[in-house]
Amino acid sequence: PICGGLVVMGQMTIHGGLSRIDQLGDRLQVALDAGAKHVLIPTSNAADLGKIPPELLDKLRVDFYSEPHQAAYKAIAE
């Protein structure tokens, strides 16, 4: 089972790499509005967190992943 309230963001390329997320703040807001409490985003977007309003980040638990299999392991409910 997958953890409730979890959103995994990111896109894997055909070669297995991860693409950066454009407009991260807007996407985080949509996830929050949809009921997300925990968001997994690619490590390549870590620098973008400084541009996200603090009141949005206070409402979400944000974790990073650098490989798609890491996101899968983090998404599994304990």
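**A guided tour of the predicted model**

Begin with the charges: the mean positions of the 7 positive and 9 negative charges of the protein lie 1 Å apart. Here Lys and Arg count as positive and Asp and Glu as negative, while His and the chain ends are not counted; each charge is placed at NZ of Lys, CZ of Arg, CG of Asp or CD of Glu.

This is a predicted model, in which local features need pLDDT of at least 70 and side-chain atom pairs count only at pLDDT 80 or more, whereas totals for chains, interfaces and linings use all residues. Residues are numbered from 1 along each chain as its sequence is written, and side-chain values use heavy atoms, with hydrogens and water left out.

Next, display the whole chain as a cartoon. Three helices and five strands make up the secondary structure, in the order β-β-β-α-β-α-β-α along the sequence. These elements are DSSP runs, numbered from the N terminus (helices: H or I, at least four residues; strands: E, at least two). Along the principal axes, the C-alpha atoms fill a box of roughly 35 × 30 × 15 Å.

Now select strand β4, residues 38-42, which contains His38. Is His38 buried or exposed? His38 counts as buried because its relative accessibility is 9% (buried: under 20% relative accessible area, 1.4 Å probe, protein chains only).

Finally, select Asp63. Its side chain and that of His38 are joined by a polar contact of 2.7 Å (a pair of N or O atoms within 3.5 Å; within protein, one must be able to donate a hydrogen and the other to accept it, and residues adjacent in sequence count only if both atoms are side-chain atoms).

Note on methods
Buried < 20%, exposed > 50% of the residue type's maximum accessible area, 1.4 Å probe, protein only.
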